[in-house]
Amino acid sequence: MLLALCVSIAFVNKASSQDFEDSVSKVPTTSETRMIEATTSQGVNSGVLISTGEWGKLHSSELILEPPDLHVRPNSEMLKWTEGTVWSFEQDLPSVIRILQHAGLDEYTISTLTSPPFLAQGIGRIEIRPPDSVILELSPQTRNMLYPHLGSTAKTNYFRFPIRLMSGGYARMSQSPTGLSANMEDLISRLCYVKEGGAVHISDIRFLFSQAENEAERLRIIKTLSRETSLNSWLDLSRPLNKESLVSYWSANGKNPGAITILDAVLESPEIDRIELVHLLPPVAKKLLHTYAEPEQGVGTHLPDCHSTSFSFFSNSLPPRMLDSVGAVANERYVRATKPWQFGDVILIKDADGNWVHACNYIAGEIVFTKNGQSLGRPWVLQTFNEVFASYMENSRMQAFFFRLKPEYRE
Amino acid sequence: MRPFFLYLFVSALSLTSPSVEADPYCNPGPWGKVKISNVFLEAPESIVRLIPAPSEQTVWRFPEMSFKEVTALLDSIVIDADIRTLLREETPLQTNEDETRAFPSLRVIRSLPLENRQKLYRFLSGFEENPYHYNPIIIDTDEIRDWFPRDRMPEEALSLIEELSVPIENALAFADVPSLLPLANSENEELQMRKALTRSRSMLLSLEMTPDTNWEELTEYWTVGGSFIGAVPFLESLQRTDEDLTVGLTEILPLTPRRYLNSFPVSAEGITGSFPNNYWTTFNFFRITPDPKFLRRNASLQYLRKYYDVVEKPLKFGDIVALSDPDRDQIAHVCNFVADDIVYTKNGTSLLEPWIFMKIEDLLSRFSIRKPLEIQYWRRKPVPAQSLDNASN
C-alpha cells in the first residue's frame, strides 16, 4: 500500500536574490528567498484549524470538493482506454533500454518488454505495450523514474503530467465514500507514486479505466482522483474585538473596500458572532471560491489559471488580458514582500529549473486562496500553505517567493 | 401641471414591523435551515463625498406652478389657521420662469400635522425636482433608533427623524434631510450623518447542516432541479463531512449574484454609461458573464415575455419577482427569489444602492410610495441546454 507521505513546509532563510530586482529602481532586492523543504508529517486533516492574528480569530474546517460530471467527461482517456497502455519513447532502442534500467526494472522484464509482442518500432519512435502484470508490479520509485520519459509533451499525457493528489495521497482522499469498489481503491493506491519532494501522483489512468466495470465507474475514478481539499473558513466575532485591526487587515489598506462595508455592518450588531470568510474576500475571489471554471470564463484556450487569478486578486473582475500573460502586471505593480504577510500577497512557487510553477494569494494565518492548475477540473479553493506546497513538491529544490501590490495600485 | 401618482397609505395605525423578527431563521422549506442575520450597509465614504452636500434650507419645488397656484395649494392642505399663518410668515416663495419654490423654516415643517405633511409630501414626490421626496429615505421598520447607528447620529437627529417620518405601508419615509444637517457639529459629523442616511438593510444568510438535513431536497432546491449545477460541488462537499456545518449561503449562489451581494457599485461598472439596475441584476442572475443588454429596460422586458412564464407559488430559487402597476400593466421592479420570503435585489441604479437580500414585503413597501403595486412571479421556461448558466437568447 502506498505510503501516505505528507509534506510539511519549513521556510528556510537563504541569502539569494539572483533573479529578482525592484522593477522600478532595478536594484537587486534584499528580501530573502524562501526555500521550501519537505519533511514527512500528517499535513492538516483533522478537526478545526484556528489561527489568530491581526486578522482576528479564523476558524477553518476541511471540505473535499469533487468536480462536476461535465468537467471531467471531456477527459481524453475516457475515450482511449480501450487502446491499452502504451509507453511511447522518442529514443532509439538502446536508449530505451538504458531508461528502463535506470528506472529500476530488472533485466528479465526489460528483455520481455523490448521484444515482440510487446515492442513495436516505428520511425523515430518506440512503443511498448506493457502487460498488466508489469504495470501492476512497478514500484513507486520506478514509476517516478520512468514516467517522465514517456509519451509526448502534450498536457494530456498523464505520464509526463500526472494527476497530482492531495497531500496524504489516496488514503486521505478516500476518507469519505468514493463510490468505488474496494478492489478499485486498492488498485489506485497501488499505482500512486511519490515525487522526490513528496508530492503524490498517479499516471496509470488508462490502466485504471481498463479495470473498471463500466462507464459509471470510470467516471467515478476520474472524479475521485480529481478531489481537492478546501476549507470552510469563518471569522469568530465574539467580543471583545479590535475593530480597527480587523478592518485594516481585511481591507488591505483600501485595496479591498468591500470588506469595510461588510465589517462595519456586522461589527455594529453584537448578536452576529461569526462571518464566513467569503464575505470578506474581494470580488474575484468572492465570485470564484469553491467553483470550477467554465469555458466561458476563458478566451479560447486561455483559461483562468493560478497566475491570472493571483494577479487579479484585488481587481473588480478577472481582466481577460490577464489570461494572456500576467508578466507586465507582475513586473510593474508588485514588489517583493516581507513579513508579516498581508492579505492578498502573491506567493509564487519556482521549481529547480527556474520555472514559475504556481501562484496563489495569502489570506491569513496558514491559509491561501489558490487554483491548483488551469484545468477545468481544478476549483478555486482555500488551502493551507502545506497543502499547496505539498502538491507542488516535485523535488526538494522548490522555492516560494512573496510579492505585494505596490501601495499606489488598487488592483 | 404634471399628474402625480403618489399614493401614500395614511393609516399610521396600520404600521407594523414584521421584518424585525425574534426568530432569526427562515420558515422551514426545501431551502434547508437558513439563519438570518440582519445587517445595515452604508455607502462607502468615498461615494458619499461625491454627492454635493445639500443646503440646510429646505426647498419645496412646484414645477409649472405660479405663485398664486402654490399659495392656493398650500392653503388647501393646511387647514389650521394658526399653522397657515406661520406657514405664510416663515415660508418665502420665489417664482422663477417655470416653477415656484418655497423655503419653509424648520418651525413650519415641524408644525405641520402628520396628515398635512403626508398630503404635501405626496404632492412633492411627484416631481423629480424634489429629490428627497421623490426618493425619500425608506426605513423598513418603525423602530428608528434600531435603524441608525446611535454612536454616529446625534440624539436630536434621531428625534427629528422620528418626528418627521411618515408611514408608508410597513415602513417609514423620511424626506427632510436638509433639516437634519444643522444638527451636525462639524463637517465630519455631517458626513457621518449623511453616510448613515444611506443605510440599506440586508441580510447575511447562513445554511446550517445538521444530521437531519435532507440533502436530496436541498440539492434539488438550490440547483433548481439540476438546472444550475454550479452549486453542486460545494453542496456535495458539505455532504461529505461528518460535522455539523454552517456555511454562508453566498457560496451557493450563482457567480454573478454572489460577487455583487452586499456590495455597492463601483465606478468601473458604469464605464459604458449605465450602471447596473434591477433588470441587469435580475436577468443576469444565473449568468457567468453578465449580459449588458439587460441594462436596457425594454430589452429586458421583451426577454421576460419571451422566455418566462407567469407562475404561482411555491416559488423556485431564482424565479423573478416582479412588482407591477395593475392599472397600466407596467412592471416597475424585478428581482430574484432566494428562499422563504427573501429576494435578491438592486433597488435602483444609484451608486448608493447596494445589491442586497430583502424581504418581499419590505420591497413592496419601498416601491409602493407612489402607487400600490402588485406582485407577479415569473419562471424561466424550460431550457433545452444542460445549464441555465449557458442560457442564451
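**Reading a predicted two-chain model**

Modeller: Confidence in chain A is lowest in strand β1 (residues 6–14), with a mean of 34, and highest in strand β16 (residues 367–371), at 97.

Biologist: What pLDDT does chain B average?

Modeller: Chain B averages 89, with 91% of the residues scoring at least 70. The pLDDT is below 50 over residues 1–21 of chain B, a stretch with 56 contacts beyond near neighbours in sequence. Residues 389–393 of chain B are also below 50, with 17 contacts of that kind. For the complex, the predictor gives an ipTM of 0.87 and a pTM of 0.87.

Biologist: How many Å² do chain A and chain B bury between them?

Modeller: The size of an interface is often given as the accessible area lost when the parts come together. Here chain A and chain B bury about 3,400 Å², and 54% of that is on carbon and sulfur atoms. Of the area that chain A buries against chain B, A:K286, A:K287 and A:E296 supply 18%, more than any other three residues. The contact involves 36 residues from chain A and 43 residues from chain B.

Biologist: How many salt bridges are there between chain A and chain B?

Modeller: Side chains of opposite charge can pair when their charged atoms come close. Between chain A and chain B the count is two salt bridges. B:R199 and A:E268 meet in a salt bridge through their side chains, at 2.5 Å from N to O.

Biologist: Which elements give two or more residues to the side of chain A that touches chain B?

Modeller: They are β4 (56–65), α12 (257–267), β12 (274–276) and α13 (283–288) of chain A. The residues on that side of chain A divide into 15 nonpolar, ten polar and eleven charged.

Biologist: Why does the pair A:R190 and A:E137 tie together parts that are apart in sequence?

Modeller: A:R190 and A:E137 form a salt bridge, with their closest N and O atoms 2.7 Å apart. A:R190 lies in helix α8 (residues 182–191) and A:E137 in helix α5 (residues 132–137) of chain A, so the pair ties together parts that are 53 residues apart in sequence. Over all chains, the count comes to 42 salt bridges.

Biologist: At roughly what angle do the axes of α2 and α5 of chain B cross?

Modeller: The axes of helix α2 (residues 67–77) and helix α5 (residues 114–124) of chain B cross at roughly 145° and come within 9 Å. From α2(B), the contact is made by B:L73, B:L74, B:S76 and B:I77, and from α5(B) by B:N116, B:K119, B:L120 and B:F123. These residues divide into five nonpolar, two polar and one charged.

Biologist: Which residues does a cis peptide bond join in chain A?

Modeller: In chain A, such a bond joins A:R239 and A:P240, with omega about 5°. A:P240 lies in the loop between β11 (228–236) and α11 (243–251) of chain A. In chain B, the peptide bond from B:K313 to B:P314 is cis, with omega near 5°.

Technical notes:
Residues are numbered from 1 along each chain as its sequence is written. Chains are lettered from A and ligands numbered from 1 in the order in which they are written. This is a predicted model: local features need pLDDT of at least 70, side-chain atom pairs count only at pLDDT 80 or more; totals for chains, interfaces and linings use all residues. Side-chain values use heavy atoms; hydrogens and water are left out. Contact means heavy atoms within 4.5 Å. Buried area is the accessible area (1.4 Å probe) that two parts lose on being put together, summed over both. A salt bridge is a side-chain nitrogen of Lys or Arg within 4 Å of a carboxyl oxygen of Asp or Glu. Helices (H or I, at least four residues) and strands (E, at least two) are DSSP runs, numbered from the N terminus. Ala, Val, Leu, Ile, Met, Phe, Trp, Tyr, Cys and Pro count as nonpolar, Asp, Glu, Lys and Arg as charged, and the others, Gly among them, as polar. pLDDT is the predictor's confidence in each residue, from 0 to 100. Axes are lines fitted to C-alpha atoms, for helices over the stretch in contact, and angles run from 0 to 180 degrees between N-to-C directions.
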